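Biologist: I would like to learn how to read a few features of a protein model, one at a time. Could you take me through them slowly, giving the general idea before the case?

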Amino acid sequence: MRPKPDFIHEFVPGSSSRTLLLLHGTGGNERDLIPLGRELDPNAALLSPRGKVLENGMPRFFRRLAEGVFDLEDLEYRTNELADFVTAAAQHYGFSSDQLIAVGYSHGANIAASMLLLRPEIMRRAILFRAMVPVIPDTLPELPCVRVWIGAGDQDPIIPASEAQRLVEVLRRAGADVTIRFAKGGHGLTNDDVEAARNWLGALNKSTREKL
């Protein structure tokens, strides 16, 4: 019997072998990023869980102690919990984990980055909008096959440019191929963000198909 995924979530089948793992920001839910997923890749399946932690009634994927200060013990636990959910969902819905691409916004991008660093077997591709360094493991994983696109805001009041660059440096030290793009704007997504991420993903998908 296949394990049943234990997060409240949406799963939208696709017409390709790719699956986007959509991870919402603070206060979001499993439906928030469905339109974004369709914009980024109209042919991919979409897996969108709702965070289990509540902060003043707002769903999150892990606890924080203050703005930008994370509960690291909870972060590790919740990262493993989410990674196990993705593994169960792949078996339950029959999608290939090799073709999984995380798409996270803000808090959701942080849990995606945490998975790359703590559970690197889960995915090899990620699009991170407005992300910061969630955790630095005692021993960095080896990520030579990982490709990451990071969308930062040059006027983001929550995540300074230096913090976005720090995440780039951590991932590159682990061996990942990282692209970072600064949009003219703050913490919210812009059309330029979406277009740049879509172009990066399209080129990545084309490259993958050519190698098959």
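Biologist: How many residues does helix 2 have, and what span does it reach from its first C-alpha to its last?

Modeller: Helices are DSSP runs of H or I with at least four residues, strands are runs of E with at least two, and both are numbered from the N terminus. The expected span of a helix is 1.5 Å times one less than its number of residues. Helix 2 has 22 residues and reaches 31 Å, which is close to the 32 Å expected. This is a predicted model, in which local features need pLDDT of at least 70 and side-chain atom pairs count only at pLDDT 80 or more, while totals for chains, interfaces and linings use all residues. Residues are numbered from 1 along each chain as its sequence is written, and side-chain values use heavy atoms, with hydrogens and water left out.

Biologist: Which residues of helix 2 are buried, and what do they pack against?

Modeller: An α-helix has 3.6 residues a turn, so residues three or four places apart point the same way. Buried means under 20% relative accessible area, exposed means over 50%, and partly exposed lies in between, with a 1.4 Å probe and protein chains only. The buried residues of helix 2 include Leu-75, Arg-78, Leu-82, Phe-85 and Ala-89. Contact means heavy atoms within 4.5 Å, and the partners of the buried residues of helix 2 include strand 1 (9-12), strand 8 (100-105) and helix 3 (107-118). Just after helix 2, Gly-94 takes a positive phi of about 80 degrees.

Biologist: Is Ala-112 buried or exposed, and which residues is it in contact with beyond its neighbours within four places in sequence?

Modeller: Ala-112 lies in helix 3 and counts as buried because its relative accessible area is 0%. Beyond those neighbours, Ala-112 is in contact with Leu-23, Ala-102, Met-123 and Leu-128. Ala-112 and Met-123 are 11 residues apart in sequence, and their C-alpha atoms are 9.4 Å apart in space.

Biologist: Where is Glu-163 placed, and which residues does it touch, not counting those up to four places away in sequence?

Modeller: Glu-163 is in helix 4 (residues 161-173), and it counts as buried because its relative accessibility is 14%. Not counting residues up to four places away in sequence, Glu-163 touches Met-132 and Val-133. A polar atom of the side chain of Glu-163 lies 3.2 Å from the backbone nitrogen of Val-133.

Definitions and conventions
Polar contact = N/O pair within 3.5 Å; in protein donor to acceptor, adjacent residues only side chain to side chain.
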